[in-house]
Amino acid sequence: MGRPKNPKAYRRTSGVYLIQNTITGRKYYGSTKDLGNRFATHKCHLRSGINPSRQRQSDYDKYGKKAF
């Protein structure tokens, strides 16, 4: 994930985002009304091993956070 330098700056900012595994090329597109909060949620779920996407979680576990 292209990590924002200050995720709090994106709070209450709506938009479309992309999570891409730079090793496999797999992509996930999403949209939200609060980019800062959504980014933090994705990051927390992946770190905790509870991401709803089995494929994305498996990729994160295998390749690590630097691949996203």
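In this model, His42, His45, Leu46 and Arg47 of helix H1 meet Arg56, Gln57 and Tyr60 of helix H2, where contact means heavy atoms within 4.5 Å. By class, that contact of H1 with H2 brings together two nonpolar, three polar and two charged residues. For the classes, Ala, Val, Leu, Ile, Met, Phe, Trp, Tyr, Cys and Pro count as nonpolar, Asp, Glu, Lys and Arg as charged, and the others, Gly among them, as polar.

Before going on, note that this is a predicted model: local features need pLDDT of at least 70, side-chain atom pairs count only at pLDDT 80 or more, and totals for chains, interfaces and linings use all residues. Residues are numbered from 1 along each chain as its sequence is written, and side-chain values use heavy atoms, with hydrogens and water left out.

**The overall layout**

- The chain has two helices and two strands, and reading along the sequence gives the pattern β-β-α-α.
- Helices (H or I, at least four residues) and strands (E, at least two) are DSSP runs, numbered from the N terminus.
- Of the 68 residues in the chain, 29% are buried; buried means under 20% relative accessible area, exposed means over 50%, and partly exposed is in between (1.4 Å probe, protein chains only).
- Take the contacts in the chain between residues at least 6 apart in sequence: 41% of them join residues at least 24 apart.

**How the two helices sit together**

- Two packed helices are described by the angle between their axes and the distance between the axes.
- Here, H1 (residues 35-48) and H2 (residues 54-63) pack at about 65°, and their axes are 9 Å apart.
- The axes are lines fitted to C-alpha atoms, for helices over the stretch in contact, and the angles run from 0 to 180 degrees between N-to-C directions.
- H1 and H2 are therefore roughly perpendicular to each other; that label covers 65 to 115 degrees, while under 35 counts as roughly parallel, over 145 as roughly antiparallel and the rest as oblique.
- Gly49 has its place in the loop between H1 and H2, and this residue is partly exposed, at 42% relative accessible area.
- Gly49 and Asp61 are twelve residues apart along the chain, with 7.9 Å between their C-alpha atoms.

**The salt bridge**

- Side chains of opposite charge can pair when their charged atoms come close.
- The structure holds one salt bridge, meaning a side-chain nitrogen of Lys or Arg within 4 Å of a carboxyl oxygen of Asp or Glu.
- The partners are Asp59 and Arg26, whose side chains meet at 2.7 Å, N to O.
- Asp59 lies in H2 and Arg26 in the loop between strand S1 (15-20) and strand S2 (27-32), so the pair ties together parts that are 33 residues apart in sequence.
- Asp59 counts as buried at 5% relative accessibility, whereas Arg26, at 39%, counts as partly exposed.

- Tyr17 is in strand S1 and is buried, with a relative accessible area of 14%.
- Setting aside neighbours within four places in sequence, Tyr17 is in contact with residues including Tyr28, Gly30, Leu35 and His42.
- From C-alpha to C-alpha, Tyr17 and Tyr28 are 8.3 Å apart in space, and they are eleven residues apart in sequence.
- Phe68 is in the segment after H2 and is buried too, at 8% relative accessible area.
- The C-alpha atoms of Phe68 and Ile23 are separated by 8.4 Å, though the two residues are 45 apart along the chain.
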